[in-house]
Amino acid sequence: MELGFVVSVGRFGRERRDVCARVVSASGVTDVGVGHAASHALDMGRVGTLGTTAGGKECATGAVHVVVGDSEEQGKMLSFVAQKPKKGAILPTQSDLSVNVPNGLSESDAGTLSILALNLVGALEAQGIDQKKDFKGKTAVVLGGVDGGCSSLSTQLLSAWGAKVVAVTTSNAYKNTAIGAKHVIDPRKLSFAEELESFDFVLDALGNEEQTTVVRTLRKSFGAKYVPTASPLLLRACGDGLLRGGAAIASLVRGNLPKDITDPFLPSDRGIDVVTNAFRLAAEGMIDHVPAQVVTSAELFEAFSWPRDADTGLRYGLPAPSLFDVESVESAEEPVFVRQHIADLFAKDDSGLVLESADDLKSIITSTKNSVETAVLFVGASWCRRCKELLPSFKALAQKLGPDRPDVHFRIMDAEHLKSVARTLEVTDVPEIIVFKEGKRKSTWLNTKTSSLMELSVRQAL
């Protein structure tokens, strides 16, 4: 049976509109009230097992369009169409590109869920992962939280498949546990790779590290498989910057795809099965939270708020080999980690500058309370390349100024060793240099881009 949706009036959004359509078949015409339409983009390299573009044309990104409406004969239905739904357009489709929507699942949720399911399952199958078998009893780390489309669905589906899900996110911890996460880690405070004893999968809904050393490190040193699940439109928005990217997401909410994404994606039988199974899990209560959109502004903000190393561009907390010691990385059976190298650097320090406890810091700050003395604290973190590069310069500066400025106390703190102190000091980026005078913090940001700028900033702050 061939279906033809005729959209006559109204505009697309989350609320039900006065939109008309009809189902055309050999036996006659049946009126259908189309209540929702959605358009998005899929990475064709990721969803190649689930469908193809119309005409079989090869492209990097395909446009996926769905309409959802009420059929008098078959109830609520979702259908994939080959062009963006527009006012007055006739949208032909086939019965094998349609799925019945279960009662209890709204039209807008059905549209969003169908696209998210194709994206997620396609990403897993592209990595050779059998979702029903490989996740049972395993630990899966999901980068992203409840406010994101891909991360939210990943948490719920992986939990339904028997995995222990750890959400690495800046969003509300309670909301993430409510949708199935067993543990929530804030990447601004902790590194999941160090916090967890072991893990088997990393599903990244906020970025793509396939071209970095992170993937190799996860495989060789943790035995974990990295799966990028982020929407191609989220990655594009991140590349455009927060303001332009935010505008692009707002335009996407209104149904406007980028002009260069035109080749329509149509699911195969396998793709239809994926959508059908997702709807079944939703009907069974395994999926009870569907975000308003496939990509949300909150998801874009979370991707931007994740701190990064300025030299390497890597997100803090993701394990990666030391980029300043290439020879050891290439020759060693196990990669040398930045966090391990920095930890050794602090441990072997004989300068007498390293803080050992919170009491040490309290004592130094107290000494500046009622005197002309000043404390300068260098805060480093285990994943930061620049920490390793700047630390020797900071020590040299302390040694250089020591004879002339006995009133200045230079100290070094390992944020990994003193995590609670780092949280108290509200350290969100490293390296960070904090100056204390009169028992209070006087400066929380000094230029640490280069050794010379760091020295100049410290001298000016004294």
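Reader: Why is Glu284 called partly exposed?

Author: Glu284 has a relative accessibility of 48%, and because buried means under 20% relative accessible area, exposed over 50%, and partly exposed in between (1.4 Å probe, protein chains only), Glu284 counts as partly exposed. This is a predicted model, in which local features need pLDDT of at least 70, side-chain atom pairs count only at pLDDT 80 or more, and totals for chains, interfaces and linings use all residues. Residues are numbered from 1 along each chain as its sequence is written, and side-chain values use heavy atoms, with hydrogens and water left out.

Reader: What makes the contact of Glu284 with Arg280 a salt bridge?

Author: A salt bridge is defined as a side-chain nitrogen of Lys or Arg within 4 Å of a carboxyl oxygen of Asp or Glu, and the closest N and O atoms of Glu284 and Arg280 are 3.3 Å apart, so the pair qualifies.

Reader: Why is Asp407 called buried, and which residue is its salt-bridge partner?

Author: The relative accessibility of Asp407 is 18%, so Asp407 counts as buried. Its partner is Arg405, with the closest N and O atoms 3.0 Å apart, whereas Arg405, at a relative accessible area of 27%, is partly exposed.

Reader: What makes Arg270 and Glu125 a salt bridge, and which parts of the chain does the pair link?

Author: Their side chains meet at 2.5 Å, N to O, and the pair links distant parts of the chain, with Arg270 in helix α9 (residues 269-283) and Glu125 in helix α1 (residues 107-126), 145 residues apart. Helices here are DSSP runs of H or I, at least four residues, numbered from the N terminus.

Notes: Helix = DSSP H or I, 4+ residues; strand = E, 2+ residues; numbered from the N terminus.
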